[in-house]
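Please read this briefing alongside the sequence and the structure.

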Protein chains: 2
Amino acid sequence: MHVTDLPTPSLLLDKARLTANVDRMLKKAESLGVALRPHLKTAKSAAVGTLATDKLRYGITVSTLKEASYFADHGFLDITYAVGIVPAKLDEAAHLMDRGVELKIITDSPDVARAVAAHGAPFDLLAEIDCGDHRGGVPADGEELMEIAAAFRTDAEPGQAPRLAGVLTHAGHSYGVNSIAEIEKIAEEERLAVVGAAERLRAAGHQIDIVSAGSTPTALFSKDATGLTEYRPGVFVFFDLDQQSRGVCDRSDIAVSVLASVIGHNKAAGKILLDSGGLALSKDRGANAFRPEVGYGEVCDAETAEPVGGLYVSGVSQEHGHVAVTDPAAYEKLPVGSKVRILPNHACMTAAAYDAYGILEGTEVVGTWDRVNGW
Amino acid sequence: MHVTDLPTPSLLLDKARLTANVDRMLKKAESLGVALRPHLKTAKSAAVGTLATDKLRYGITVSTLKEASYFADHGFLDITYAVGIVPAKLDEAAHLMDRGVELKIITDSPDVARAVAAHGAPFDLLAEIDCGDHRGGVPADGEELMEIAAAFRTDAEPGQAPRLAGVLTHAGHSYGVNSIAEIEKIAEEERLAVVGAAERLRAAGHQIDIVSAGSTPTALFSKDATGLTEYRPGVFVFFDLDQQSRGVCDRSDIAVSVLASVIGHNKAAGKILLDSGGLALSKDRGANAFRPEVGYGEVCDAETAEPVGGLYVSGVSQEHGHVAVTDPAAYEKLPVGSKVRILPNHACMTAAAYDAYGILEGTEVVGTWDRVNGW
């Protein structure tokens, strides 16, 4: 099937670009001597996970327990659930372990740590460290980290008793800069924070096996991974305009896009209307920090995936994408009924609206890969 | 089951509020002598559609052909697909008619109108009119409207040949004001535009059966529906902070919410973290035009659904909701592991992340209603 034979809106995944993106990250991790534990919150796809783990189906990160269950169904048995757990979810987590999953859970709360220790299942807990993102995490040098650790016996054996198995951090602030020098600086701060936390815990007698860091920007541009055991980048499998706007990738690296139809010309208002709006693209505007012109996505040719000069999704309602037109030649280039590809602002948000990817080799649709959404 | 026994994030639907919202709109339409053809793009639920059509399961609006198919499966046989059609979707539309659906499709493109006329199936087409929203639609007094009409025979019989069955408009700009006087003004402009278009087409010999208007704000606050045959409001079934911020509803009318767990306290950063982020709430910020403080949603008590004084989802990442804290008492009020309800910024966008509603009577979960997503 040809790409333009798909219904619209459809989520497209360019296999050659995906493979190149994965290779780039696998090589980077190998060069620094750390494992790659890809964060599959972006792809939510077993097929992508298989590629991104170099076919080992081992060592992945997820953002929901539903993802964990889906990946376990597909043979992935070493899973880190990298969103703070709450006591009410411990039974579900323990059930995954009963299914053979080596599950790692995280928290930055001493209260939760005590609940994990008291639950009865032999959880591997990672303490979440705030390395400057100021989302979740405790400071590497603060009292709370030691309080979390104090919930566990230092002689707990893996798989036998709940234990503090490591530390984990997320340098989300690396998405907020657009110079490689700044990313390198954040990568080093990230490393020092989490390695420092690990050292403090080891000094207190804990066996810290896992020292986990590495967002897509910091993993790609870090120069040193000393003391780290793994990287957990996510969006690198697909990239998007958000990453492109920060200089982390080129536009030609972006592997996912949305196939859309032109459904109207409102010449009086200077607009082309698409059948892909807020639900099909998301309302994420992350890329706008450094590329305000892109709005909700960049309009590309459906065949070549090259930009249709200067056209962007400037506004969205639920099912309508609005493309601002300044040069009326655009109406002839994109007649009503024609198709375009939209490069997404933020791949993780956009892909979540779809149950599946149409897999492309060039302009041929060679298959369909499923994904898991929801909670 | 008690509301707080549900996993998080979950989509909640308060049945009493839903019923009251539907009653309000049914009475309004009846008082003006127009039919209510609810836009089920918001609810995407057969159970809600049954309520919103006063149990008649007749006369609904949808935003995707997948919705049309889903509602047809549930016995709804009079469906308007109110997003501009493209020629490539006509076969799928014709298939719905073969299944017994009285389908109405729309366009604002003379080219598409000609393709509809040429297809062979006896489509009922509505011409989309721009009444001031400047999304889709042709001007009511322009040449394009007559070009669309000219694609069809004026003596076409319903169900026998493709025909121009009516006109339709959407006053989306009624969401952009927050005074009832301005909404009333837009409602009258909307009516005059679409009724004027119908009159022009009738003067040209077409049998115009359908004159369709009425967004949630304009339907609720219009004073005159002379010449209209129906209203197509959508979000009224649930309401949201966007509508509340415009004065269209009260906060206590908002029928959908998201149950979330507190997963962390980042006291140094002044934040409570929730397990409900951009995917669970959407990144819509429509309410911020008139209530900038609400961010991505208002934090309410999980039991009472009343606001937890002055707490809002101030930021989101994929699975994290960030609640800015100014009064440290909030940490005690909402310990890690506790649950809250989030009132959504924009119900249509938020609900689309879920496959089902947990139906509430007070704080009891009395059932689950499915919904249809995707395309």
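The notes below take up the arrangement of the chains, the nonpolar core, the pockets, the cavities and some backbone details.

This is a predicted model, in which local features need pLDDT of at least 70 and side-chain atom pairs count only at pLDDT 80 or more, while totals for chains, interfaces and linings use all residues. Residues are numbered from 1 along each chain as its sequence is written, chains are lettered from A and ligands numbered from 1 in the order in which they are written, and side-chain values use heavy atoms, with hydrogens and water left out.

**Arrangement of the two chains**

- The same surface serves both copies, since 100% of the contact residues of chain B recur in chain A, contact meaning heavy atoms within 4.5 Å.

**Nonpolar core**

- The largest nonpolar core holds 236 residues, of which F238(A) and F238(B) touch the most other members; such a core is a set of buried Ala, Val, Leu, Ile, Met, Phe, Trp, Tyr and Cys residues joined through side-chain atoms within 4.5 Å.
- Buried here means under 20% relative accessible area, exposed means over 50%, and partly exposed is in between, using a 1.4 Å probe and protein chains only.
- Not counting residues up to four places away in sequence, the residues that F238(B) touches include L13(B), L18(B), V48(B), I254(B), V256(B) and Y357(B), and also N21(B), T42(B) and D253(B).

**Pockets**

- A pocket is an open set of points on a 1 Å grid over the protein atoms alone, with protein on both sides within 12 Å along at least five of seven lines, whereas a cavity is a set of points where a 1.4 Å probe fits but cannot get out; lining residues have an atom within 4 Å of a point.
- The largest pocket contains about 930 Å³ of space, a volume being the space filled by probe spheres set on the points, which are joined across faces, edges and corners.
- It is lined by 46 residues, and those closest to its centre are Y175(A), H346(A), K283(B), V316(B) and S317(B).
- By class, this lining has 11 nonpolar, 19 polar and 16 charged residues, with Ala, Val, Leu, Ile, Met, Phe, Trp, Tyr, Cys and Pro counted as nonpolar, Asp, Glu, Lys and Arg as charged, and the others, Gly among them, as polar.
- The second largest pocket has a volume of about 680 Å³, and of its 39 lining residues the closest to the centre are S317(A), R135(B), H170(B), G172(B) and Y175(B).
- Its lining divides into nine nonpolar, 17 polar and 13 charged residues.

**Cavities**

- There are seven cavities of 30 Å³ or more, and about 70 Å³ of space lies in the largest cavity.
- Residues lining the largest cavity include L12(B), L13(B), D14(B), R17(B), R341(B) and L360(B).
- The elements giving two or more residues to this lining are β1 (10–14), β10 (256–266) and β15 (339–344) of chain B, strands being DSSP runs of E with at least two residues and helices runs of H or I with at least four, numbered from the N terminus.
- The largest share of that lining, three residues, comes from β1(B), and by class the lining has eight nonpolar, one polar and three charged residues.
- The second largest cavity has about 50 Å³ of space, and the largest share of its lining, three residues, comes from β1(A).

**Backbone details**

- The peptide bond from T8(A) to P9(A) is cis, with omega near -10°, and P9(A) is found in the segment before β1 of chain A.
- The peptide bond from T8(B) to P9(B) is cis, also with omega near -10°.
- S282(A) has a positive phi near 80° although it is a residue other than glycine, and it lies in the loop between α10 (278–281) and β12 (297–301) of chain A.
- At 6% relative accessibility, S282(A) counts as buried.
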